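Me: I have a structure open and would like to go through it piece by piece. Can you take my questions as they come?

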Amino acid sequence: MAIGSGLGAQLGIAAESSYGTFVAPSKFIEFTKESLVLKKTTAQSAGIAAGRLVALSSRRVLTRQEVSGSIDLEITNKGLGVLLQALMGTTVTPVQQVATAAYLQTHVLADTAGKSLTIQKGVPLTTGVVTDKTFLGCKITSAEFACEVGGMLTGSFEFDGKTCDEAQTLATASYPNMSVFHFGQMGIKTGTYGTETALDGIRKVSCKIERPQHTERFYAGQAGLKKEPISNDQVKISGSLESDYVATTLDDLHTSDGATSLVWEFIGPNIASTYFETFRITLPAVRFDEGPPTVDGFDVVKPTFQFTGLFDGTNPIKIEYMTTDITL
C-alpha cells in the first residue's frame, strides 16, 4: 500500500508507436510537480418545454476531450532520453563509446511528427490506494531548462494530449540509481561553432524550446477526439544569461547584433575512459535582444542578456546526453 499523499505518486512514460495508442510505461521519471489533466467540452440542451424550470441532465452531452498540463523535474544522468526524443523530434539510438559503459544520445532538432507519449500518472487516495490516470497521445509543445548558482539543472515540459484512459493497469514503478546535474558542473561557451571558448561571469542560464503545433484537429468521425497535432510554425528558441559584468563579450554582441554559437553543458562524473556523464545544448547561432549593462547602486553590475536561438544555415541545433542508458 502506498503513502496516501503525493509521496506515493508516480509517473511512467513510453514512446507510442502510433498517436494515442496505449503503450505500457517502460520508464519512470522522478518529478517535482505535474499538472496533467483531462479537459472536456460539454453542451447542454436548452429546449423549451412547458413548465420545465431546469435543463434536463439527460440532455447534456460530452462533445470533445483533450489533455493539457506540464511536468517539472530535475535533469538526471539517466532515464530522460524518451522525453528528449519527443521534444527534439529525431529518432535516436544511443551510441556506445568504444567498448565502454558510456552511451551517447544526440537529439538533433527535427519535426516531431510521430513522436507522442503515453504518460501514466498514479495519484494516491488518502487510503494509500493509487488511482490510475493514463494520458494518451501526449506531445511536447515546449520545454524550458534552467540552472542558477547553488541549484540543480531543472526542466519543465508542457504537453498537449489526446485523451485520458482510466481503465489501464497501473504499472509498478521502479527507478535506477540516479544523480542530478547541477551548477557545480555547469559551463557556458561562446564563439565560432566547434571552437567555442569558456565564458566567465555567468550566474544563471535558461533556455526554452517551443514546438508550435496545430492542436485543434477535431474532425467529424473521431468521437470528439483530436488527430495528431501538426507543426504549424517555426521552432522558437529563447533564453537568458544572468551574469556579473566581468567582460564586454556579450555586451559587444548585443551592440553589434552579431551572432555567436552558444554551448551550455554539464559535465558530471567519469563513466569510463575519457567519457563523462553529460548534458549539453548546442545552439550554433544566437543573437542578443536585451541586456546592456546598467548601474543600479553600489553593487557589482549584473546584466541579464536575453537571446534568441537561430539556424546558422549549416550546423544542427542539438541536445547531447551521455549516460549509461543502453536504450532510451
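Reply: One term to begin with: a polar contact is a pair of N or O atoms within 3.5 Å; within protein, one must be able to donate a hydrogen and the other to accept it, and residues adjacent in sequence count only if both atoms are side-chain atoms. By that rule, the side chain of Glu 16 reaches the backbone nitrogen of Gly 137 at 2.9 Å. Note that this is a predicted model: local features need pLDDT of at least 70, side-chain atom pairs count only at pLDDT 80 or more, and totals for chains, interfaces and linings use all residues. Residues are numbered from 1 along each chain as its sequence is written, and side-chain values use heavy atoms, with hydrogens and water left out.

Me: Which side chain does Glu 16 join in a polar contact?

Reply: That of Ser 116, at 2.7 Å.

Me: And where does Glu 16 lie?

Reply: In the loop between β1 (10–15) and β2 (27–28). Helices (H or I, at least four residues) and strands (E, at least two) are DSSP runs, numbered from the N terminus.

Me: Glu 16 buried or exposed, and what is the nearest side chain of opposite charge?

Reply: Glu 16 is buried and has no salt bridge; the nearest side chain of opposite charge is Lys 162, 8.0 Å away. Buried means under 20% relative accessible area, exposed over 50%, and partly exposed in between (1.4 Å probe, protein chains only). A salt bridge is a side-chain nitrogen of Lys or Arg within 4 Å of a carboxyl oxygen of Asp or Glu. For charge, Lys and Arg count as positive and Asp and Glu as negative; His and the chain ends are not counted.

Me: What about Lys 162 then, where is its place?

Reply: Lys 162 is in the loop between β10 (154–161) and β11 (163–165). Lys 162 is also buried without a salt bridge, and its nearest side chain of opposite charge is Glu 16.

Me: Which residues is Lys 162 in contact with?

Reply: Contact means heavy atoms within 4.5 Å. Leaving aside neighbours within four places in sequence, the contacts of Lys 162 include Tyr 19, Glu 66, Leu 136 and Gly 137. Glu 16 touches Leu 136 and Gly 137 too, and among its other contacts are Thr 21, Val 23 and Leu 117.

Me: Switching to cysteines. How many disulfides?

Reply: A search of the whole structure finds 0. A disulfide is a pair of cysteine sulfur atoms within 2.5 Å.

Me: Cys 138 and Cys 147, buried or exposed?

Reply: Cys 138 counts as buried because its relative accessibility is 0%. Cys 147 is buried as well, at 3%.

Me: Now the strands. How do β6 and β7 pair?

Reply: Two strands pair if DSSP finds at least two bridges between them. Strand β6 (residues 95–96) and strand β7 (residues 103–108) are antiparallel over 2 bridges, with Val 95 opposite Leu 104. They form a hairpin with 6 residues between them, and Val 98 in the turn has a positive phi of about 55 degrees.

Me: Which other strand does β7 pair with?

Reply: Strand β21 (residues 318–323), also in the antiparallel sense, over 6 bridges. There His 107 stands opposite Ile 319.

Me: How many residues of helix α1 are buried?

Reply: 8 of its 8, over residues 81–88. Just after α1, Gly 89 takes a positive phi of about 105 degrees.

Me: And the overall picture?

Reply: The protein has 2 helices and 21 strands. Of its 328 residues, 45% count as buried. The C-alpha trace spans about 80 × 50 × 40 Å along its principal axes.
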